Amino acid sequence: MAKIGVALSGGGYRATMWGIGALIYLADVGRHREVVAISSVSGGSVANGVVAHETDYRDGPGAEFADRVRPLIRHCAHTGLFFWGPSTNAYVRSLFVLGGAAAAVTLTGVVVAAVDGVRLLSGLLLVAGLLLSAGALLFFERRSAVVDTALARELFNRDGVATGLRDVRRSVDHVFCATELQSGDHFYLSPAFTYGYRFGTGGPGDLALSTAVQVSACLPGAFAVRRLPAARHYAAAGPNGSAAGPGGGDPAATAAELVLTDGGVYDNMADQWLTALADRARRADRPPAQYEVDEIVVVNASAGMTWRPLPRSRIPLVGELAALLRIKSVLYDVTTSHRRNTLVRWSERPAPEGAPVSALVHIAQSPYRVADAYAAAGDRWPERATRAKEVLDALGDDPRSRAAWQDLARRSSGTPTVLRKLGADTTTDLLFHAYTLAACNLHVLLGHPLPPALRDRQYFADLVGRRAGP
């Protein structure tokens, strides 16, 4: 049996459903029993957290997996979490009210001062406006903690008590990837350990599962960075209190806190944990991950940037803010595209002895894409060519089917990166597309089974259900 590592990318609830669709495929064909690790960032970490919370993915019956994650599917389709979502709506409304009140009182004070001069009334109004503004800013900084609490309430609790990260230790290693801003490295949070290249190995302590998911999904700008005490939850130094990094005297050895943000800042496909396992195992302070992987399946829900004009704005700073947001998108896209291209190159040439082989389940692809590429490559890849022709037969090799799948790939790629509800149709499309693409690509590239009859869209529509469904 192969040992499989699965990486679930970022991309909000789009990535959550994309990851679940691929995991349903692996469970359907029995390959879930070969999965030893699931690493994730951002929206993929919501899926990873729910899988860890609700089931032992490797040891559980594959046929039951879709039912176990059905509440998450319906939450993403019909409820949502943030901006908007019932569990955080009171906070968002309060934030808008407080910000609006601050602006109104401050503006009134300015007008009164302009008309009557700086007198007692105008002074009181201006002071009140400043205090309200300060309060609004402090309230705004709580948004990460608010989402953390909402995740615990909606998805990660037992009888109303938030589930601890260490309480979901399973036969599969669930690794939540964050970015540590002081060191500039990935930081990994698992039920069995925590690990950073410069921090060494520690344990999760009393960290909540919801917190591990939230710090991994802490999209810059949308959410504030999280500062977690190193001594309480983690080892901030390597063995015997020495610096874990390559040089002695590394500041990480005495760091009082971790400063964490979205794991996608460092690696938005979450493959770094899996691809560097062999290198990590040679370190003296290696984490206790007692496994290797033969296959790496990267489930990537970010399609890459396309052409979009950047309009000018006559409102001061608005244009600057729009440019900064686009710059952030470019930085994400460049690092992800390099990683994606590397994985594709790995899959296109024989792997060195002992090295894992890889396959990509990429949201921008039609399930015809990889099959077409290998169906005509019989001289170089005879086995893959045979499997590719099986995929084309299963899909139906006709122009109408090809056009329909290409249109679905376009719609899936265009789903926004949000934590609000996706809607029934979008959720169904993402699950159906991810399942089918995983079945086709993994069959061609890795020889995974192709189901005798691929799941149809109605199967996933039934999982999504109606808004009023249980």
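User: Why is Ser42 called buried?

Analyst: This is a predicted model, so the values are computed from its atoms. Ser42 has a relative accessible area of 9%. Buried means under 20%. Ser42 therefore counts as buried.

User: Where is Ser42 found?

Analyst: Ser42 belongs to helix H2, residues 42-54.

User: What is phi of Ser42?

Analyst: Phi is near 50° for Ser42, a positive value in a residue that is not glycine. Most residues other than glycine have a negative phi.

User: Which other residue has a positive phi although it is not a glycine?

Analyst: Phe83, with a phi of about 55°. Phe83 sits in the loop between S3 and H5.

User: What makes Phe83 count as partly exposed?

Analyst: Its relative accessibility is 40%. Buried needs under 20% and exposed needs over 50%. The value for Phe83 lies in between, so Phe83 is partly exposed.

User: How do you know that the peptide bond from Phe83 to Trp84 is cis?

Analyst: By its omega, which is near 10°. Most peptide bonds are trans. Trp84 has its place in the loop between strand S3 (80-82) and helix H5 (89-116).

User: Why is helix H4 called mostly covered?

Analyst: H4 runs over residues 70-79, and seven of its 10 residues are buried. They are Leu72, Ile73, Arg74, His75, Cys76, Ala77 and His78. After H4 comes Gly80, with a positive phi near 80°.

User: What makes Pro204 buried?

Analyst: Pro204 has a relative accessible area of 6%. The cut-off is under 20%, so Pro204 is buried. Pro204 is placed in the loop between strand S9 (200-202) and helix H8 (209-216).

User: How far apart are Pro204 and Ala192 in sequence and in space?

Analyst: Pro204 and Ala192 are 12 residues apart in sequence. In space they are 7.1 Å apart, C-alpha to C-alpha.

User: Why is Leu219 called partly exposed?

Analyst: The relative accessible area of Leu219 is 25%. Under 20% would be buried and over 50% exposed. Leu219 lies in between, so it counts as partly exposed. Leu219 is in the loop between H8 and strand S10 (226-229).

User: Which residues is Leu219 in contact with, leaving aside neighbours within four places in sequence?

Analyst: Asp262, Lys328 and Tyr332. Between Leu219 and Ser144 there are 9.6 Å from C-alpha to C-alpha, and they are 75 residues apart in sequence.

User: At what angle do the axes of H14 and H16 cross?

Analyst: The axes of helix H14 (residues 382-395) and H16 cross at roughly 155° and come within 7 Å. Angles over 145 degrees count as roughly antiparallel. H14 is therefore roughly antiparallel to H16. The crossing of H14 past H16 is right-handed.

User: Which residues make the contact of H14 with H16?

Analyst: From H14 come Arg384, Arg387, Ala388, Glu390, Val391 and Leu395. From H16 come Thr436, Cys440, His443, Val444, Leu445 and Leu446. By class, seven residues of this contact are nonpolar, two polar and three charged.

User: Which residues of H15 and H16 meet?

Analyst: H15 brings Trp405, Leu408, Ala409, Arg411 and Ser412. H16 brings Asp429, Leu430, Phe432, His433 and Thr436. The contact holds five nonpolar, three polar and two charged residues.

User: How many residues has the largest nonpolar core?

Analyst: The largest nonpolar core has 100 residues. Those with the most contacts inside this core are Val6, Met17, Trp18, Ile20, Leu23 and Tyr57. H16 gives the largest share, 13 residues. Apart from this core lies another, of 21 residues, including Val175, Tyr188, Met269 and Ala289.

User: Which residues does Leu23 touch, not counting residues up to four places away in sequence?

Analyst: Leu23 touches Val6, Leu8, Ile38, Val51, Tyr57 and Phe65.

Note on methods. Residues are numbered from 1 along each chain as its sequence is written. This is a predicted model: local features need pLDDT of at least 70, side-chain atom pairs count only at pLDDT 80 or more; totals for chains, interfaces and linings use all residues. Side-chain values use heavy atoms; hydrogens and water are left out. Contact means heavy atoms within 4.5 Å. Helices (H or I, at least four residues) and strands (E, at least two) are DSSP runs, numbered from the N terminus. Ala, Val, Leu, Ile, Met, Phe, Trp, Tyr, Cys and Pro count as nonpolar, Asp, Glu, Lys and Arg as charged, and the others, Gly among them, as polar. A nonpolar core is a set of buried Ala, Val, Leu, Ile, Met, Phe, Trp, Tyr and Cys residues joined through side-chain atoms within 4.5 Å. Buried means under 20% relative accessible area, exposed over 50%, partly exposed in between (1.4 Å probe, protein chains only). Axes are lines fitted to C-alpha atoms, for helices over the stretch in contact, and angles run from 0 to 180 degrees between N-to-C directions. Angles under 35 degrees count as roughly parallel, over 145 as roughly antiparallel, 65 to 115 as roughly perpendicular and the rest as oblique. A crossing is left-handed if the near helix is turned anticlockwise from the far one by less than a right angle, and right-handed if clockwise.
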